Amino acid sequence: MKNKNIPLVSIIIPHFNNYSILEECITSIYKIKYNAIEIIVVDNNSTDNSIDQIQQTFPNIIIYQSKKNLGYAGGCNFGAEIANGEYLFFL
């Protein structure tokens with residue numbers, strides 16, 4: 001019997017350039033059996049086209065773009081501010 005009230009988990013991924021690493025990470029997340037998730041990618045002002053590629057490949061991903069590179073901790077904090085999950089999971 002499924003529990004209909006499973007908590008939402010926000011998976012927050014700070015990102016700067018390098019599509020292949022981000023694509024591999026998101027593909028891996030989609031393999032988990034827990035489905036009450038939202039995936040938030042915080043783009044730290046990437047200079048490549050990785051965010052455009054991610055939007056095309058994974059249209060359900062939430063993407064927030066920063067106008068400057070916030071670093072890992074800053075990207076995590078930015079993502080946490082907009083997350084809807086009961087739990088936050090940082091990658």
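Trainee: What does isoleucine 13 touch, not counting residues up to four places away in sequence?
Mentor: Isoleucine 13 touches Leu22, Cys25, Ile26, Ile29, Ile39, Ile40, Val41, Val42 and Leu91, with residues up to four places away in sequence left out; contact here means heavy atoms within 4.5 Å. Bear in mind that this is a predicted model, in which local features need pLDDT of at least 70, side-chain atom pairs count only at pLDDT 80 or more, and totals for chains, interfaces and linings use all residues. Residues are numbered from 1 along each chain as its sequence is written, and side-chain values use heavy atoms, with hydrogens and water left out.

Trainee: How far apart are isoleucine 26 and isoleucine 13 in space?
Mentor: They are 9.2 Å apart, C-alpha to C-alpha, and 13 residues apart in sequence.

Trainee: And where is isoleucine 26, and is it buried or exposed?
Mentor: Isoleucine 26 is in helix H1, residues 19–29 (helices are DSSP runs of H or I with at least four residues, strands are runs of E with at least two, and both are numbered from the N terminus). Isoleucine 26 has a relative accessible area of 0%, so it is buried (buried means under 20% relative accessible area, exposed over 50%, partly exposed in between, with a 1.4 Å probe and protein chains only).

Trainee: Which residues of H1 are buried, and what do they pack against?
Mentor: Tyr19, Leu22, Ile26 and Ile29 are buried in H1. They are on the same side of H1 because they cover an arc of only 95° around the axis, the arc being that of the directions from the helix axis to the C-beta atoms. The buried residues of H1 pack against strand E1 (9–15), strand E2 (37–43) and helix H2 (50–57), whereas the face turned away from the buried side carries the exposed residues Ile21 and Glu24.

Trainee: Changing topic, where is asparagine 17, and what is its phi?
Mentor: Asparagine 17 is in the loop between E1 and H1, and it has a positive phi of about 55° although it is not a glycine. Most residues other than glycine have a negative phi.

Trainee: What about asparagine 18?
Mentor: The phi of asparagine 18 is also positive, near 70°, and asparagine 18 is in the loop between E1 and H1. Asparagine 18 has 34% relative accessibility and therefore counts as partly exposed, while asparagine 17, at 18%, counts as buried.
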